[in-house]
Amino acid sequence: MNMGWEIGFNWAIPFNPVVVTMPDSRNPRPIRRIPLVRNEGNDPSAVQAYLAVLDPTHRAVIDDLRRVIREADSEVTEGIKWNVVSFYRRGWFASVHFRPEAPLQLILHHGIRIRVDPGAGRPVSDPEGLLTWVAPDRAVVSIENPASLTGSHPALAAVVRQWIGWHLS
């Protein structure tokens, strides 16, 4: 007899929110279903609220970066994950690291999992030298000023497309 909580995916709702089934006190079988309010990977209102408190100059750079990433792949969505603007495509793959005293950074990652591809080398071609590899499965794009981002839109979009392809493989 299962007396614990069961967690499963509700495939009928977009973005597969989790539904928790818990036992009723009168009946040990799990019978009450409580949908968790979670829209993983697609919460533009949370992103807007996060950006609303930023300095307009920083917000403009982050908005430009968001536009480049969303245009790189039409299925990319965004939300707040790890207390920063993050991007989602069947899993979190990029996050914006923002500190006022340092350059804005786009962290390309594979969510919380560590990706090990023995002998694969670096699976993302970077002819413009935008990436700084900080681990075999994690890279950083530093954006020193708005002009550096504007000049590298096509190269950054190409890197993001390749990263997403690697992330989904």
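User: What percentage of the 169 residues in the chain is made up of buried residues?
Analyst: The structure is a predicted model, and burial here means a relative accessible area under 20%. Counted in that way over the 169 residues of the chain, the buried residues make up 40%.

User: In which order do the elements of the chain run from the N terminus on?
Analyst: The chain holds 4 helices and 9 strands. Read from the N terminus on, these elements follow one another as β-β-β-α-α-β-β-β-β-β-β-α-α.

User: Is helix α1 roughly parallel or roughly antiparallel to helix α2?
Analyst: Helix α1, residues 44–52, packs with helix α2, residues 56–72, at an angle of about 155°, and their axes lie 10 Å apart. Because angles over 145 degrees count as roughly antiparallel, the relation of α1 to α2 is roughly antiparallel.

User: How do the residues of the contact of α1 with α2 divide into nonpolar, polar and charged?
Analyst: In this right-handed crossing of α1 past α2, α1 contributes Val47, Gln48, Leu51 and Ala52, while α2 contributes Arg59, Ile62, Asp63 and Arg66. By residue class, this contact divides into 4 nonpolar, 1 polar and 3 charged.

User: How far apart are the end C-alpha atoms of helix α4?
Analyst: Helix α4, residues 153–168, has 16 residues, and at 1.5 Å a residue it should span 22 Å. The distance between its end C-alpha atoms agrees with that expectation, being 22 Å.

User: Against which elements do the buried residues of α4 pack?
Analyst: The buried residues of α4 include Leu156, Val160, Trp163 and His167. The elements against which the buried residues of α4 pack are α2, β6, β7, β8, β9 and α3.

Terms used. Residues are numbered from 1 along each chain as its sequence is written. This is a predicted model: local features need pLDDT of at least 70, side-chain atom pairs count only at pLDDT 80 or more; totals for chains, interfaces and linings use all residues. Side-chain values use heavy atoms; hydrogens and water are left out. Axes are lines fitted to C-alpha atoms, for helices over the stretch in contact, and angles run from 0 to 180 degrees between N-to-C directions. Helices (H or I, at least four residues) and strands (E, at least two) are DSSP runs, numbered from the N terminus. Angles under 35 degrees count as roughly parallel, over 145 as roughly antiparallel, 65 to 115 as roughly perpendicular and the rest as oblique. A crossing is left-handed if the near helix is turned anticlockwise from the far one by less than a right angle, and right-handed if clockwise. Contact means heavy atoms within 4.5 Å. Ala, Val, Leu, Ile, Met, Phe, Trp, Tyr, Cys and Pro count as nonpolar, Asp, Glu, Lys and Arg as charged, and the others, Gly among them, as polar. The expected span of a helix is 1.5 Å times one less than its number of residues. Buried means under 20% relative accessible area, exposed over 50%, partly exposed in between (1.4 Å probe, protein chains only).
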